[in-house]
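Take a moment to look at the sequence and the 3D view, and then we will walk through a few details together.

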Amino acid sequence: MYISIGVLDNKGTEFLVAFMDNKVLHGHDIKPELFVTTDSRHLVHINISSPGISNSQLRTQFTVSRGQVHLVQIDTNYRLDHTESSQKAILIQSDKDIVVYGVNRESHSDDGYLALPTDALGTEYYTISYSPSYYYTLFTVIGVYNDTSVSIHLPNTPHLNVTLNGHNYHRNQWINLTLNRFSTLEISSVADLTGSHILSDKAVGVLSGNKKAVVGNTGKSRDHLVEMLLPVSSWGKKFVTIPIPERHAGDIFRFLASEDNTQITVHGLIEGKQFHDQIKIAKAGHYVQKQYSSGLYSHVVSDKPITLFQFSMTQQRGGNDLADPSLITIPPIEQYAARYTFTTPQYSMGNYTNYFMFVVKSSLKHGLRLDHHQLPRNTIYHHIPGTHLVAGYVKVSVGTHSVTNVNHTVVGGILFGMAELESYGFPVGLLLKPLNSGCQRQKAMEYGDEIDNDCDGDVDEEECDGKDDDGDGHIDEDCRCCAPKISIPNVIVGRRR
């Protein structure tokens, strides 16, 4: 089953989201925010509520259409606190497809995530955080269905301690509980929770990150970190990394394994010079952390499914390198889609400088369209070694944007924003398809379905003209449009020759 996130098909959507613990500065609490947009030309009707809380005041209805962004501020009482079991999930429902971003904002402590609809969630996750934690590392499990059995295996981290419902849990121990629809369970620890293994008998959602953390050794400022995690079933084996734009401090990456004895190769270019790194991860749920140059564009290949995260580093002391920590999920190449709609969050003190970071096939790069326009002529495209891909970035204005390619090929994309002591970053969208068994050719194709039906990395590349347009030995197996026309010869009836 393919679920497109940030890729719209007008079928309607349901989301369940939450907001994790964040640091309140000087008693001035800022409301968390939901940003909602769509690519639909028609009005989309949206309801936002919190049914898990009796007498909840969170009930809002509105409409959006293409090019519009609706901001919903959420009362700070919905923000989770430390280790907490509650009913604070926020329900978002629409009659056509929408894109939702959650932004957890406090003064100089901000990050955001791409929300995943409930039909894209899974039953197995490994969590991500950064250490040293400064305050706390965190993850939150969101209940989607009643009577969901959840088991959480805490990682083998020294001094790990979690207190829940009067019980103390330590490293390598299991937490077993039942969640209902709209349940929210936040787990926090000073020790690193990265690699906590979450298993459930029904789909759940998971947020993960830090309350507020310093990333790297470039400065002392801290920022909130959060992503909504991909289930293990959607992890990949191939990735492209792009450095955070216009920074010089470098980037930190965490490679997290889903299976024992995982082998990873990183092959890239730094200002034209070859770069190579080899990584081995012995156990599932373990990670390796690397700091790479701000000039590195790389191709990451793993022999087993992994998830890859990029951390923007703390703003440098006394410099003009304006940004701060953020946590970014790097989409697997296998999960790239053909079009996206996204919107930029708002800075607590004005506007961010926003960047769209992209990956596209080299031969088709000039077909890439941002808001139906070609990229600027001065855009720099960096070749990704071992692939036919290039990567780069462009600045984007505040508001809603669309990304497509006139050649109907897939594109990878990340949205990143920076400002004084604040940053955010998350993928603009992706497909969520089961990858651990490899790409599966589709038995039935729908014309223009924006799915890589023949597993060749291109989407809807055939003309459906009875020919093998892409030279793969198959005819009309991945068509953009439409059914081939049948030619019927003219027949004259009622006349004798």
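## A charged pair

Let's begin with Glu84, which counts as buried because its relative accessibility is 15%. Here, buried means under 20% relative accessible area, exposed means over 50%, and partly exposed lies in between, using a 1.4 Å probe and protein chains only. Lys88 is buried too, with a relative accessible area of 16%. The side chains of Glu84 and Lys88 meet in a salt bridge, at 3.0 Å from N to O. A salt bridge is a side-chain nitrogen of Lys or Arg within 4 Å of a carboxyl oxygen of Asp or Glu. Side chains of opposite charge can pair when their charged atoms come close.

Before going on, a word about the model: it is predicted, local features need pLDDT of at least 70, side-chain atom pairs count only at pLDDT 80 or more, and totals for chains, interfaces and linings use all residues. Residues are numbered from 1 along each chain as its sequence is written, and side-chain values use heavy atoms, leaving out hydrogens and water.

## Salt bridges across the sequence

How many salt bridges does a search of the whole structure find? It finds 7. In one of them, Lys211 pairs with Asp21, and the closest N and O atoms are 3.7 Å apart. Lys211 lies in strand β18 (residues 197-213) and Asp21 in the loop between β2 (13-17) and β3 (33-37), so this pair ties together parts that are 190 residues apart in sequence. Strands (E, at least two residues) and helices (H or I, at least four) are DSSP runs, numbered from the N terminus. Both Lys211 and Asp21 are buried.

Asp192 forms a salt bridge with Arg254, with the closest N and O atoms 2.9 Å apart. Asp192 sits in the loop between β17 (184-189) and β18, while Arg254 is in strand β21 (residues 251-257), so the pair links parts that are 62 residues apart in sequence. Asp192 and Arg254 are both buried. Salt bridges that share partners also join Asp39, Arg66 and Arg339 into one network.

## A serine in a loop

Ser56 is found in the loop between β4 (44-49) and β5 (59-64). Is Ser56 buried or exposed? At 4% relative accessibility, Ser56 counts as buried.

Leaving aside residues up to four places away in sequence, Ser56 touches Ser50 and Tyr78, where contact means heavy atoms within 4.5 Å.
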